[in-house]
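Keep the structure in view as you read.

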2 protein chains.
Amino acid sequence: MGDVSTGSLAAFLEVARLGSFTSAAQTLGYTQSAISRQISALEGAMGGGPLFDRLPRGVRLTEAGRALMPYAEAAVERVDAARHELNALRELTGGRLRVGAFPTAGAELLPCAVTLFRSRYPEVKLRTEENLTRVQLARLDTDELDLAVVSDTAGDPLDSYELHHLVDESMYVALPDEHPLARRRQVRLVELADDDWISGSPQPERSLLHAAIGETFRPRVVHVVAEWIAKQGYVAAGLGVALIPALAADCVRPDVRLVAVHEDDVPARAVYAATPQGRSPSPAVEAFLGTLRAAIDGMAAQSRLSGKSAK
Amino acid sequence: MGDVSTGSLAAFLEVARLGSFTSAAQTLGYTQSAISRQISALEGAMGGGPLFDRLPRGVRLTEAGRALMPYAEAAVERVDAARHELNALRELTGGRLRVGAFPTAGAELLPCAVTLFRSRYPEVKLRTEENLTRVQLARLDTDELDLAVVSDTAGDPLDSYELHHLVDESMYVALPDEHPLARRRQVRLVELADDDWISGSPQPERSLLHAAIGETFRPRVVHVVAEWIAKQGYVAAGLGVALIPALAADCVRPDVRLVAVHEDDVPARAVYAATPQGRSPSPAVEAFLGTLRAAIDGMAAQSRLSGKSAK
DNA sequence: ACCAGGTATGCGAGTTGTGCATGCTACCCA
DNA sequence: TGGGTAGCATGCACAACTCGCATACCTGGT
């Protein structure tokens, strides 16, 4: 039993609508003979029975033809709908994008990128979620996330993902306004070896500080605070100092001072957009990468972000 | 934008299921190269974007491919379902048949045919309705009926329908048991010119009697009774005589006698199965014609039906 | 460095689809 | 009653497509 193409089905429907091979041929841009043969082929593919009664003036559906009609309509409609859907995915006038980001990215980078993306592609349904990097990678694997904004801080195995480098963010220390070093443009960490530290983890190895630990410096973590807004509070109260990445540097309360850390003490932290490996990124993912870059450029122009948004 | 065939869609689905062109080619009985080209063509027909990521070991769906999947499944399923449906119509393992019949046919002919049809083709949904011939023709026109069992008694315009001759039924007079002619094998109508007549219409022209009216005979209609069971009652009570067609002759009460009418007085009435003109009859209609003929043969073997079930 | 498993592609042959011209049938109208 | 006409079917030649074969190419594992 032969093959059926949308062409034959469309011809069938047009003939059924117009009641004539000849006029259907005209509206479809074929000759009458082509239509005649297409219908004949379709009749063959459908088991052999005639779909039309050939009358002296045109044709009319047989019982079988009438029965076929809804199926043919549905099949053609599905293929058309598929074309539209794929087109929407390609033209970014539809579809869905699920983005994850680590917490600090939520301060400025992600809101900025989301706003930009929404204004450019309002019909793409964009969802974001904040996760630890480790969780995000898992969700990329299980196809619950299309793109994840991650940093390589925690030493998670990023190498089995497609990485799109976004920016290298330098580090700052947050100092209370009255701290002796609060007016400096740059500090070395050894200068803060005797201060109390505020960190996201009791073991500094598992926090932002991990890259700073060396022979000459091991911070004394006195307060364990995860939220950046709370860290600010502790710092402002003079309870200690904290390391914070450039991405979070723009939303700082006026009684907290940020001072750059020397690059040799804490290397700039790379921020990537990660996507599943070996999978060609969808247009929506590509577009979001673009808006992420645009967001970083925009932020670099007006902020302390180091601006090394190379690529 | 090109054409899409069920073949390409089936190939697409099989590749998606197995994750490899090669293995899909094996299960479908094609070569790997054919599958590769079919997918390539499908990608073209769907707008150009890739549907699969080509990995070193096999392929995996892209976002677009994942989006296409449900549409492809639906389209293929619809075409398959259509094939099954049409096959059911052809093999009489499905579908529907709407039959109409004039009242007298409901006495024996239709029940017999319906029983036969149901036992042979139990999966065809058979509906019957009793109508005047005039109504039935209208319902054939409006496609509310597939086949109508009619007689040409009433002079309705049968000529614009496809007529399948079933039988010529001769006519009988129903006489009360004590009627002087009740033991005859045949009568002439003039012999009954002085009797009271029972008919379905006050004007004998519009009833079974219309063919009997001539120079020498005009019946005096005294009782107007439509239902055959009631006519029997009137006749049995000695209130008159009635003309009845052979099709109804088998269900007569014992105190009513039937006597054949001479053929010259009332010509045998032709009974047809009528179908819409110019329309090739569906297999179900053909089959019902067959069972009608079988029913008539069966009845002729054991009844007064004249048996001229010619063709 | 080679092999294994997979996809892409050039090539030739067979098949299918298309258009043109023509044949055929039934209706319409004079 | 006989041409005219509208419409489908079909023979034919040609173009386009599809398929299989052989082979090139890529990548990961040994």
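The text below covers the pairing of the chains, then a pair of helices, then the DNA.

This is a predicted model, in which local features need pLDDT of at least 70 and side-chain atom pairs pLDDT 80 or more, while totals for chains, interfaces and linings use all residues. Residues are numbered from 1 along each chain, chains are lettered from A and ligands numbered from 1 as written, and side-chain values use heavy atoms, without hydrogens and water.

Start with the two copies. A rotation of 180° with 0.0 Å of shift along its axis places chain B on chain A, at RMSD 0.2 Å (least squares on C-alpha atoms of residues with pLDDT of at least 70 in both). The copies are thus related as by a two-fold rotation axis. In chain B, B:Ser5 comes closest to that axis, its C-alpha at 1.9 Å.

Now look within chain A. The axes of helix H2 (residues 21-28) and helix H3 (residues 32-45) come within 8 Å and cross at roughly 110°. Helices are DSSP runs (H or I, at least four residues), numbered from the N terminus; axes are lines fitted to C-alpha atoms over the stretch in contact, with angles from 0 to 180 degrees between N-to-C directions. H2(A) and H3(A) are therefore roughly perpendicular (65 to 115 degrees).

Turn to DNA strand D. A phosphate oxygen lies 2.6 Å from a polar backbone atom of A:Phe21. Another contact puts a phosphate oxygen 2.8 Å from a side-chain N or O atom of A:Ser36. B:Arg37 has a side-chain N or O atom 3.1 Å from a base oxygen.

Conventions. Helix = DSSP H or I, 4+ residues; strand = E, 2+ residues; numbered from the N terminus. Parallel < 35°, antiparallel > 145°, perpendicular 65-115°, else oblique. Polar contact = N/O pair within 3.5 Å; in protein donor to acceptor, adjacent residues only side chain to side chain.
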